[in-house]
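Here is a walk through the aromatic rings of a predicted model. Which rings pair up, and which carry a charge over the face?

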Amino acid sequence: MHSKASLRPRRQAASLLVLALLATACSTSPPLSTTPAPTAAPATVAAPAPVPELRPGVPAGYLGRALPDSLALLPPPPAQGSAAFAQDQAIHRAAQQLRSSPRYALATTDADLRFPQVANTFSCALGVPVSQQATPTLYLLLQRTLVDAGLATYAAKDHYKRVRPFVFHKEGTCAPADEAALRGDGSYPSGHTAISWTWALLLTELSPDQADALLARGRAFGENRLICNAHWQSDVLEGRAIAAGALAKLHANADFTRDMALARTEIQSLRGSSVEPTGCEAEKAALAIKIPGVL
């Protein structure tokens with residue numbers, strides 16, 4: 001049981017992830033209660049009902065404080081001098097060899113958790129474009145589960161305060177503007193990975209025929225944090241564990257279950273149209289470049 005005092009620093013550190021959602025409350029994005037234009041989405045898809053908000057236009061997660069406890073679930077991160085840390089170092093060196101590759105460009109895009117851009121991450125794997133206009137419930141589902149999966153990493157992040165690889169090696173990342181904030185944000189486990197793997201798992205439930213592509217994209221999203229020099233391999237591996245815990249808890253939430261059913265209908269409706277995602281060939285080429293030795 002965490003005291004209010006122990007929750008306070010976690011909420012402060014977690015602002016790095018929440019800011020990704022706060023960025024959606026700008027003049028270019030309609031508020032959640034706005035109904036999309038009839039021509040922007042299939043006629044059978046309605047805008048989702050209003051939900052609790054972190055601030056106007058920014059949806060809260062589904063779970064509130066009922067998050068999986070990453071500190072209880074995970075072992076400590078590898079200690080310096082251990083075989084596991086030597087493996088982290090080896091993968092760090094291998095990942096940094098890809099800095100001039102198309103995979104690095106994709107990793108740079110994946111580093112940005114802001115909506116609406118990040119909502120399109122799985123469009124190619126899913127086979128349909130994901131947007132607030134075409135798939136309003138799925139869009140909202142991704143926003144809300146970003147909060148849940150991201151915040152679920154902070155019990156361990158704040159406890160271990162693991163130094164990130166770019167700080168350890170006095171290097172840079174693929175997102176220089178984020179580096180000041182990341183320096184004070186624990187590396188273990190990876191929040192980006194927890195988010196992307198949660199999304200990959202729930203999208204696989206919504207569209208099982210695309211399971212292989214969706215899971216591969218979710219894995220690559222997390223591994224791109226290695227290429228960005230923002231995380232160690234062990235951070236990424238344990239981020240997937242937190243995603244599994246978050247999704248299990250989400251399935252006990254009635255609002256999540258309702259939104260999953262509505263999102264499935266949106267996807268099926270789009271499959272019957274001529275609308276297709278764009279940029280998939282470039283993404284495919286980038287994803288074909290692997291990190292040597294990654295687990």
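Phe85, Phe168 and Trp232 form one aromatic cluster. Rings of Phe, Tyr and Trp (its six-membered ring) count as a pair if their centres lie within 6.5 Å; planes under 30 degrees apart are stacked, over 60 edge-to-face, and the rest tilted. By this rule there are 7 aromatic pairs.

Take Tyr62 and Phe256. Their ring centres are 5.6 Å apart and their planes stand at 85 degrees, so this pair is edge-to-face. The two residues are 194 residues apart. Tyr62 sits in the loop between strand E2 (58-59) and helix H3 (70-73), while Phe256 belongs to helix H14 (residues 254-271). Helices (H or I, at least four residues) and strands (E, at least two) are DSSP runs, numbered from the N terminus. Tyr62 and Phe256 are both buried.

Tyr160 and Tyr188 also pair edge-to-face, because their centres are 5.8 Å apart and their planes at 80 degrees. Tyr160 is in helix H8 (residues 154-160). Tyr188 is in the loop between helix H10 (179-183) and helix H11 (191-206). Tyr188 is buried, at 1% relative accessible area. Tyr160 is partly exposed, at 23%. Buried means under 20% relative accessible area, exposed over 50%, partly exposed in between (1.4 Å probe, protein chains only).

Now the charges. A charge sits over a ring if NZ of Lys or CZ of Arg is within 6 Å of the ring centre and within 35 degrees of the ring normal. Lys157 lies over the face of Tyr154, 5.5 Å from the ring centre. Arg240 has its charged end over the ring of Trp197, 5.8 Å from the centre.

Residues are numbered from 1 along each chain as its sequence is written, and side-chain values use heavy atoms, without hydrogens and water. In this predicted model, local features need pLDDT of at least 70 and side-chain atom pairs count only at pLDDT 80 or more, while totals for chains, interfaces and linings use all residues.
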